[in-house]
Amino acid sequence: MPEGSAPPWRLWVDHERRIVSFHPTEGSQAMEFYDRELFLHCIDEYARRQYRYQ
């Protein structure tokens, strides 16, 4: 991936409120993924843990 390029997939996770977002949100921690399978695995894992998506 070229230097300075944004990762192709991102999530923002608020563990306190148990919310996953696909855009920046206040109080959330950004997660960046370069691997599609890992990105999808994380989405599935948060759903399994009953996090809400917004």
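View 1. The protein chain exposes about 4100 Å², with carbon and sulfur atoms supplying 48% of it. Accessible areas here come from the Shrake-Rupley method with a 1.4 Å probe, and for residues only the protein chains shown count as cover. Keep in mind that this is a predicted model: local features need pLDDT of at least 70, side-chain atom pairs count only at pLDDT 80 or more, and totals for chains, interfaces and linings use all residues. Residues are numbered from 1 along each chain as its sequence is written, and side-chain values use heavy atoms, leaving out hydrogens and water. As for charge, the protein chain carries 7 positive and 9 negative side chains, and the centres of the two sets lie 7 Å apart. Lys and Arg count as positive and Asp and Glu as negative, while His and the chain ends are not counted. Each charge is placed at NZ of Lys, CZ of Arg, CG of Asp or CD of Glu.

View 2. The C-alpha trace spans about 35 × 25 × 15 Å along its principal axes. Take the contacts (heavy atoms within 4.5 Å) between residues at least 6 apart in sequence: 47% of them join residues at least 24 apart.

**View 3. Phe22 against Tyr53.** Rings of Phe, Tyr and Trp (its six-membered ring) pair if their centres lie within 6.5 Å; planes under 30 degrees apart count as stacked, over 60 as edge-to-face and the rest as tilted. That rule gives four aromatic pairs. Phe22 and Tyr53 are stacked, because their ring centres sit 5.9 Å apart with the planes at 20°. Phe22 lies in the loop between β2 (19-21) and β3 (29-33) and Tyr53 in strand β4 (residues 52-53), so the pair ties together parts 31 residues apart in sequence. Phe22 is partly exposed at 44% relative accessibility, and Tyr53 is partly exposed at 32%; the cut-offs are under 20% for buried, over 50% for exposed and in between for partly exposed (1.4 Å probe, protein chains only).

View 4. Phe33 is buried at 4% relative accessibility, and Phe39 is buried at 9%. Across the 54 residues of the protein chain, 30% count as buried.

How values were computed. Helices (H or I, at least four residues) and strands (E, at least two) are DSSP runs, numbered from the N terminus.
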